[in-house]
Amino acid sequence: MKSAPKTFHVKSFGCQMNVYDGERMAELMAANGLTHTDDASAADLVVLNTCHIRERATEKVYSDIGRIRKEARRDHGNDPMIAIAGCVAQAEGAEIVARAKIDIVVGPQAYHNLPALVGQAARGEAALDTDMPVLSKFGQLPARRKVGPSAFLTVQEGCDKFCTYCVVPYTRGAEVSRPFAGIVDEARALVDAGAREITLLGQNVNAWDDGGRGLHDLIADLDRIPGLARIRYTTSHPNDMRDGLIRAHAEVEALMPFLHLPVQSGSSRILKAMNRSHTRDSYLRLLDRVRAARPDIALSGDFIVGFPGETEQDFEDTLSLVAEVGYAQAYSFKYSPRPGTPAADMPDQIAPEIMDERLQRLQAALNRDQQAFNAHTVGRTCDVLIERRGKLPGQMLGKSPWLQSVHLLTDAAIGDIVTVDLTRADPNSMAGVERVAVAA
Ligand code: 5AD
Ligand code: SF4
């Protein structure tokens, strides 16, 4: 049995929603009197907020548990309480307890119960909660008090799409939208706590709905919050991209010109096997409409190579789609069979060497397009939201409207928005020069 922890450390893996959940768990533990420490090996309680979407993530959790225990013992003579949170906890809770003898398992819809679970574990009781109560967690989390200039806000969780490769519908549950009022209150609290930009999060964020009001209505209301300069949202599904949201990209100045719209494959045959419910053509036509509304929009996507049955021709269709779209940035992954998903049992699983080779070709194409996008923005003048200090004296780092990292020399402080001429495209960022207002 372990005594009640006084200090804690939260480590999040995977998507931005996990980063958000990790921040909220930290706020919750702090509100319950625990002190945060940056050093995982010194903490009495370590929360590993896990991701289950691809295979290596799970293995990494086990090696992390081992490493944290070893370092805690070696450096502090400690045997910390370990809590596994997130999607691995939801999917494999009992198995992790058996395999790694951890103290607490808490699923992504149950982490508001973390303080109670810590109490149970301290009393030597089993502490496992993977219930999926609809939305009760948000009402039970403390108000947000201190955040950086760019903050996340979860508005929607879960997914009903059941893409045949994906575990999310099983680990995060069905699509649920948070009610409007709670979101606006949290957004106000974030702005009061220092946020100038809010990114609305959801597994299918553009499916957000409250009594017939869609994401664009929510964006319009958030746009009225004084002090909130920028609004973003991620991740969207092509089938939920409604006219109102596309129009918002033309009409709402605070809505940044960036859209993350995963396509996964450029082959309609593979998209069908993935149960994506859009085709190559319907996706491309959708992007035409988005670009008509906001011509400078930066597009981002997700890709999977080596889905079962993917032929060389299917893969070349993905490359040609990439060439046609010209993504500003994108994420690409090798297909990884997830136990319990339909694709894991499909015939024609692709050999690892073929996946490696296709991933390399795809990433070369995506890198080429990212460089081209960045080069194309050289010479533009834009607002940059300053987010942190750079490495050089006087240098600050911020984000352009198109989500590029921009470094510049400026006296501006973190949280300021400055007007910048983009002067150079470096491999992973842009260089800029601040426009200094000339007094009349
Ligand atoms: N294998 C590989 N990539 C996957 N993704 C989801 N499930 C899998 C899987 N089983 C990718 C998709 C999704 C992103 C978040 O992760 O591209 O959009
Ligand atoms: Fe997974 Fe598909 Fe839902 Fe995205 S839309 S979370 S890939 S099932």
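Biologist: Which residues are buried in H11?

Modeller: In H11, Arg-280, Tyr-283, Leu-284, Leu-286, Leu-287 and Val-290 are buried. Buried means under 20% relative accessible area, exposed over 50%, and partly exposed in between, with a 1.4 Å probe and protein chains only. Seen down the axis of H11, the buried residues fall within an arc of 155°, so they line one face of the helix. That arc is taken over the directions from the helix axis to the C-beta atoms.

Biologist: Before we go on, what sort of model is it, and how are things numbered?

Modeller: This is a predicted model, in which local features need pLDDT of at least 70 and side-chain atom pairs count only at pLDDT 80 or more, while totals for chains, interfaces and linings use all residues; side-chain values use heavy atoms, with hydrogens and water left out. Residues are numbered from 1 along each chain as its sequence is written, and chains are lettered from A and ligands numbered from 1 in the order in which they are written. Helices (H or I, at least four residues) and strands (E, at least two) are DSSP runs, numbered from the N terminus.

Biologist: Back to H11. What sits on the face turned away from its buried side?

Modeller: The exposed residues Arg-285, Asp-288 and Ala-292.

Biologist: And what covers the buried residues of H11?

Modeller: The cover includes helix H9 (243-251), strand E14 (258-260), helix H10 (268-273), strand E15 (298-305) and helix H12 (312-325).

Biologist: Take H9, then. At what angle do the axes of H9 and H11 cross?

Modeller: They cross at roughly 35° and come within 7 Å. Axes are lines fitted to C-alpha atoms, for helices over the stretch in contact, and angles run from 0 to 180 degrees between N-to-C directions.

Biologist: Which residues meet there?

Modeller: Asp-243, Ile-246, His-249 and Ala-250 in H9 meet Leu-286, Arg-289, Val-290 and Ala-293 in H11. Contact means heavy atoms within 4.5 Å.

Biologist: New topic. What is the strand order in the open sheet of three strands?

Modeller: The order is E14-E15-E16, with parallel pairing. Two strands pair if DSSP finds at least two bridges between them. E14 and strand E16 (329-334) stand at the edges with a single partner strand each, so one side of each has no neighbour in the sheet. Neighbouring strands are turned by 10° against each other on average, direction ignored.

Biologist: Which helix packs on that sheet?

Modeller: Helix H13 (residues 352-377), which touches E15 and E16 and whose direction makes about 175° with that of E16.

Biologist: What about the sheet of six strands, what order does it have?

Modeller: E2-E1-E3-E4-E5-E6, open, and the pairing is parallel. Strand E2 (35-36) and strand E6 (127-129) are the edge strands. Strand E3 (residues 45-50) and strand E4 (residues 81-85) pair over five bridges, and Leu-45 has Met-81 in E4 as its bridge partner. Helix H2 (residues 55-76) packs on this sheet, touching strand E1 (7-12), E3 and E4.

Biologist: Is Gln-264 buried or exposed?

Modeller: Gln-264 is buried, with a relative accessible area of 7%. Asn-275 is partly exposed, at 36%.
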